[in-house]
Amino acid sequence: MLKAQTPFLLQSGRVLARRCYASTATGTAATEIKKTALYDFHKQLGGKMVPFAGYSMPVLYSSKGILNSHLHTRANASLFDVSHMLQTRVVGKDRHAFFESLVVADLQNLPVHQGTLSVFTNEQGGIIDDTIIMQHPDSLYVVSNAGCAEKDLAHIRHHLGVFQSKGGDVDVQVIEDHSLIALQGPKAASVLEALVNKSLNDLAFMSSRFMDVAGVPCHVARSGYTGEDGFELSVPTSEIVAVTEKILSHPAVEMAGLGARDSLRLEAGLCLYGHDMDDTITPVEAGLTWTIAKTRREKGGFLGADKILPQIKGGVTRRRVGLLVEGAPAREGAEILDGEGNIIGKVTSGCPSPCLKKNIAMGYVQNGFHKKGTPLTVKVRNKLQKGEVAKMPFVESKYHK
């Protein structure tokens, strides 16, 4: 999951364009710029810091541009600081019932140490945020977007109060003493195995364990948002610099910033909250019907279920699709037209693909124009360019099974 205020277009590793969004989009005042525990470390490594979701975060490093970082991640391993993301713990014997009222996942039947991607929904069926939920023996570990942190917490706490007032045994705790880093790429496993002194082959995608990394107790989840094999490590903040340095001591690992993370997730066909999904778009429209567990489809019980569940069988009027576009890259907001010149949708994310060397994009089109290979036209800088609907992910995912 990634809530971007600053998507980047790429060419030879240089930043071509940057879109900045009003602070109201993230719920964070523009003057309240926070720093992660790795801020000074980023600066020492030549990180170019930009405002992102209320934090000062590295978009790239002077020794390696966005394009090179992207390709390095696909071939080796990169380390991303994602400490700005919201980490919470849900406890109490009624934790599953409470959280299932907010998300579309089946948490009652989720095996211990397994995780799932899910979404918070509102009463209208729109997506408040996307989130990763891990099942622990005595709690739920939840990671959600930094840009939605205030909104998410307000939403959770409102419903928590109602649930508790009815006698529910549950509480939600913000984890403030741990930082979060993501090690991503085909060499990520071998790098981490050297620091935990054991094979990680039996740790499948979307599963987690508590283990010592370089002697430091950490929560390690085999997950990420690049399409590559990788891990997200929740590390005691007091030890985050030391653990980061240990990981970087491996010759296959380099630091990477937000720019590469954005282009990697787009190649992987993964949504960017606030762009490819928002509180007016339902999971079915966003192509995330698979996140709605079978038991939840049968019983509902989550906010907006009366709007969302009928869409699964009855269909929707718009669908998220992948696009290949000729000419200049199609940026967010670009109009999508049919063969007769009628506007049938718009682009929500787009950039040149460093791996495919083609312009890729994501957007919404009217139902009926969503099938792979459907020819479309995209209006870029007032120029009509040929495009077609493409299967996602654009680059094959390499998750460890």
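Ile247 is in contact (heavy atoms within 4.5 Å) with Leu79, Ile181, Leu183, Val191, Leu195, Leu233 and Val253, leaving aside its neighbours within four places in sequence. The model is predicted: local features need pLDDT of at least 70, side-chain atom pairs count only at pLDDT 80 or more, and totals for chains, interfaces and linings use all residues. Residues are numbered from 1 along each chain as its sequence is written, and side-chain values use heavy atoms, with hydrogens and water left out.

Ile247 and Val213 have the most contacts inside the largest nonpolar core, which has 29 residues. Such a core is a set of buried Ala, Val, Leu, Ile, Met, Phe, Trp, Tyr and Cys residues joined through side-chain atoms within 4.5 Å; buried means under 20% relative accessible area (1.4 Å probe, protein chains only). The elements that give two or more residues to this core include strand 6 (77–81), strand 12 (178–184), helix 5 (188–196) and helix 6 (240–248). Helices (H or I, at least four residues) and strands (E, at least two) are DSSP runs, numbered from the N terminus. Helix 5 gives the largest share, 6 residues. Another core, of 26 residues, lies apart from it; Phe52, Met57, Met85 and Tyr141 are among them.

Helix 2 (residues 66–75) and helix 7 (residues 258–267) pack at an angle of about 55°, with axes 8 Å apart. Axes are lines fitted to C-alpha atoms over the stretch in contact, and angles run from 0 to 180 degrees between N-to-C directions. Helix 2 and helix 7 are therefore oblique to each other, as angles under 35 degrees count as roughly parallel, over 145 as roughly antiparallel, 65 to 115 as roughly perpendicular and the rest as oblique. Ile66, Ser69, His70, Thr73 and Arg74 of helix 2 meet Gly259, Ala260, Ser263, Leu264 and Glu267 of helix 7.

Note on methods:
Buried < 20%, exposed > 50% of the residue type's maximum accessible area, 1.4 Å probe, protein only.
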